[in-house]
Each structure stands twice: as structure tokens, then as C-alpha cells.
There are 2 protein chains.
Amino acid sequence: MERFWINGVPGRLIDITDRGLAYGDGLFETIAIRHSAPRFLDLHLDRLHAGAVRLGLPAPERGWLHAQLAAAAAGIDEGILKLTLTRGSGPRGYAPPAHPSPTVAWSTEPRKMQRWTQIRVRWCETIAGRNPATAGLKTLCRLEQVLARAEWQDESIAEGLMCDEQGLLTGGTASNVFVVVGNCLQTPEVTRSGISGIMRRVVMEQARECGIEVSEVPMTRLQLLEAREVFVSNALTGIRPVCQLGERDWSPGPVTRSLAMRLAKLGVDECAGNC
Amino acid sequence: MERFWINGVPGRLIDITDRGLAYGDGLFETIAIRHSAPRFLDLHLDRLHAGAVRLGLPAPERGWLHAQLAAAAAGIDEGILKLTLTRGSGPRGYAPPAHPSPTVAWSTEPRKMQRWTQIRVRWCETIAGRNPATAGLKTLCRLEQVLARAEWQDESIAEGLMCDEQGLLTGGTASNVFVVVGNCLQTPEVTRSGISGIMRRVVMEQARECGIEVSEVPMTRLQLLEAREVFVSNALTGIRPVCQLGERDWSPGPVTRSLAMRLAKLGVDECAGNC
């Protein structure tokens, strides 16, 4: 059963004048719950607080928020914790209030995660925007991802890949994308588009720790198709190897497998099933 | 006093799972009320319905909505009507529900509009994104405008102008921009960034009706500074001549004045004061 809190109080209603609704003026985090605890909670709170600084948005006191989220996850063996921070209500107009009263809301939902699965993906036609002012952040402005995800109903396709106007890959609608070229791991930059994912960060750290070179690069469709291995990452589903994109297919390769095993040791056992 | 309705019922609370809040998955309109009626209501509803088609979002029945908004404006001599349409609540994830129940909300607020004023403007440092999938629409994703508007507190500056990565002008934070070059009226395209404003549309129509050539063009900072006349347009404030931008100043010119007089005949008497 889903449960909801707003500013620490059980509840699910917010005021229509909240700037999160009015202008997308806020951030969110989607966090896996495992064995009664929010996974990588410190990394999620790091990102939330860094994003709040970039937006000039007062963040809730970290110790308090950490304790609240930990308490909310208690008793849930496997599930999802969603956390939203907005600039709260204020007078009409884009100008942020001088003294905002942010809204911080969270909810929990018990849900079984998918285990290690190879996935089929597609190209999306929706062009990913270039938004340097907010790129990398998980802001509430996600309409392009919605439009891209609305392009297919075929449930055998797990994810869609988006490109910008120049044909450069920005990521999946709800994931980051990695490719293996030679012995290097590559992923699109997130300085103009895309989100700096938590699982992306963990994957990059783990790869570097085991001596794999990692680079953030501009990446064309062709570069992706020519890669030896392709996988996507997401905080809820860990990493998932891409087995098919159009005419191209792949088998899970050694780099993907070894990263999945390292992640399993960090509690990301979605990846561990068939390694 | 502000009044609020949600789906036709007085109220101001929405569910935290509304996709308007979660993803900016919706549209809004800001409409001037004059003499108990929403001004240019048909144009606003045209834009809302065209935007809903682009987003694949079911729009409320137009006759019903028109009647509701007309009723909401009754008794308000001068004020603001804000209308919001979202894809409503749905399951977690970007994929739109197969059968969404949209949220349509509106509010009214009596407020005196500013009359014809020359304004000072500034350049914003926040880079306007390029988002071809949603450009032109007044979506709920307005975080860049918020960040741009947060750049200044000086109340003598009425508006900030935003440029994209290439240094092309996209508009004001909450207005469209027009310049007069020779005898032509020029305004930035809204195919990759910016909003297709209702007052912008009215100004373009009025200009064409009185024989002024109008073009939508890529526009650099320099082109704006070299223009003979510059003004901004907005549904609430009509048109306002720019008198100062940094070192450059202007006096209201003949094209701006003649457009203001034409708009006054359409009920946009904000413009008419000193023509």
C-alpha cells in the first residue's frame, strides 16, 4: 500500500499554487528500498542538496530528512521511496519568493523489482532538449521524457533512447546509457541534457575501482550501434544489458557482467541473478 | 480575493501524484479579466486545445470550459484568470496512463493592471533551452524562466531577456519581444524555444492588418540593440516599449504607438494611456 507524507505529516494533498506544479520549480529523487532501508540514501541526498543549491532552493535540514526517510522505509522489504522538493507556494509570477517555504513530500510503495533482465530498447523520435541551466538535475520538468515514453505501448520494449537536435544520445527516457568500446566504458555527458543518475554514478565509481577507463563523451547513434556492449542504469532497476535495438543485437558482455557482480556486493542484487 | 476551482468544484488542493506536479505534464494559460470577462478567451482556448493535441492530452469539453471561465470572471472589473490543465494522476513512471483523467483548475484574482509604461530591461545569464518537442507551448516546465527571473531584485527592471546557447534571443522571462527594423516588425521564432504568446499573436495580426510586414526570425543581441524600436508583449500587460537596456536607450516609436492604439480598440487599454 502506498503511503504519503507532506512536510513530515501524513497526507497527499498540496496547494494548487505550489510552484512545483505551477512551474516545475523543484526536484525529485526515486530511491529503491531494500530490507527496510532506502538504498544509496546518502548519494540521493547529496544530489538533492546539490540541486537545491543550483536552483537557489532552501533544502530541508539533512539530518531530519535522513531520519524521516529511514523511518518511512522501515518494514518494507522491497519497494520505492519517492522524494519531492519544491519551492512551495508563493505569489503569482516566476520571481521566487524572497523567503520561500519549500514543500518536501515523500511516499513509499512496496514493489518487487525486476531482476537481471536483458532488455529490448528502441529509438525515440521525441528530441531531447538542450537545457544547460538545469541539465544533470532531476527537476520536475520531465515533459519530454513523458512524450518520448508515450511513443510505444509494446511491453516487450523496456526503454527508449533519446537524442538531441544534433543526433547525440542523451540517455534513455528513465535511465542512463553506457557502452563498452574497446576496454573503455563510455556514457553521454549530462552538461546540456540528461540526468546525473545515482546508479550512473555508482557504476562509474565501480568501473574506475576495478581499473576500467570511464569517459563522458558526445555519442552518436552509430557509436552506440558499434559498441561491443550496451547497458542502461537506473536507481530502481540497477543495470540492465541491452540485447536488442532494431536490427542490432547483443549478448551480455564481460564488462557488464563484472559490473553487475560488483553492484551486487553493494546490495544492487537486481543485477546478480544470472551473472 | 483569490478564488480557486478544481474540475469545476471550488477548491485548491490537488493530489501529490498529479502528473502536473510530478513531471510538468500539462499546460497553463494566464488570461486578463476586463469588465467581468476573460479577454481573448477564444484565443487562449485555441492555444490550450492545440497544445493538448500536441501533448496527447485529453482537453476538457470546450463549451463547458468556456462557460465555466466566463462565470468565474463575472463581477471582476480587472484581474487575472489562471487556467491549468494536467494529465491528472496515474501510476508511477513517465508512461502516460492509457485513459487519463485530466485535472483542469482555474483561479481568479482581482488586480489592477499596469497602464502603458516604458520599461527598463536587462540581459539574463540563464541560458534558454532548446526544446523542439515542446517549444511554443505554455507547458508547466518553466524552471529556466524562474532561474532567469531570480537573477535580479531591482524593481526598476521590469523584464529580463533570455538567449539560447547560440546567443539567439528567445524572449523575455514572461513576455515575447518585438523589434522594429526599417518598417518591419520582427520577433524571435518559437520553434525551438519560447512561447507562442496570445498577445504576440494579436500584435502580429494587428500589424499585418495595417500593412506592416512581420517576420519571425533568428535574432542576435546586436540586432536587438540596433533596432529602432523594441517592445515586449504579454497577455496581462499588453505591449510595453523598452526604454533602456544597459547603455542603450530608446523612445517609444511610431510603430509601437500605432500598434498600441489598435490594441486599445480591442480592449487592451493598458497600452492606450499615453499614445
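Student: Let's start at one residue. What stands opposite B:L13 in β3(B)?
Tutor: A:D15 does. Strands here are DSSP runs of E, at least two residues, and helices are runs of H or I, at least four, both numbered from the N terminus. This is a predicted model: local features need pLDDT of at least 70, side-chain atom pairs count only at pLDDT 80 or more, and totals for chains, interfaces and linings use all residues. Residues are numbered from 1 along each chain as its sequence is written, while chains are lettered from A and ligands numbered from 1 in the order in which they are written.

Student: How do the two β3 strands pair, parallel or antiparallel?
Tutor: Antiparallel, over three bridges, between β3 (residues 13-15) of chain A and β3(B). Two strands count as paired if DSSP finds at least two bridges between them.

Student: And what holds paired strands together in general?
Tutor: Strands of a sheet pair through backbone hydrogen bonds.

Student: How many residues of chain B are in contact with chain A?
Tutor: 42 residues of chain B are in contact with 42 of chain A. Contact means that the C-beta atoms, placed from the backbone, lie within 7 Å.

Student: Which elements of chain B supply that side?
Tutor: β1 (3-6), β3 (13-15), α1 (19-23) and α4 (143-149) of chain B each supply at least two residues. The largest share, six residues, comes from α4(B).

Student: What classes of residue are on it?
Tutor: On the side of chain B that touches chain A, 23 are nonpolar, ten polar and nine charged. Ala, Val, Leu, Ile, Met, Phe, Trp, Tyr, Cys and Pro count as nonpolar, Asp, Glu, Lys and Arg as charged, and the others, Gly among them, as polar.

Student: Why do the copies meet through the same surface?
Tutor: Because 100% of the interface residues of chain B are also interface residues in chain A.

Student: What rotation superposes chain B on chain A?
Tutor: One of 180°, with 0.0 Å of shift along its axis and an RMSD of 0.0 Å. The two copies are thus related as by a two-fold rotation axis.

Student: New topic. What is the strand order in the sheet of chain A?
Tutor: Six strands run β2-β1-β7-β6-β4-β5 in an open, antiparallel sheet. β2 (9-10) and β5 (37-38) of chain A stand at the edges with a single partner strand each, so one side of each has no neighbour in the sheet.

Student: What packs on that sheet?
Tutor: α2(A) does, touching β4, β5 and β6 (78-86) of chain A. The direction of α2(A) makes about 180° with that of β4(A). Axes are lines fitted to C-alpha atoms, for helices over the stretch in contact, and angles run from 0 to 180 degrees between N-to-C directions.

Student: How is chain A divided into domains?
Tutor: Into domain 1 (3-110) and domain 2 (119-271). These bounds come from an automatic or database domain assignment. The C-alpha centres of the two domains of chain A lie 25 Å apart.

Student: How many residues link them by contact?
Tutor: 18 residues of domain 1 of chain A are in contact with twelve of domain 2. The largest share of the domain 1 side, eight residues, comes from β4(A).

Key. Least-squares fit on C-alpha atoms with pLDDT ≥ 70 in both. Contact = placed C-beta atoms within 7 Å.
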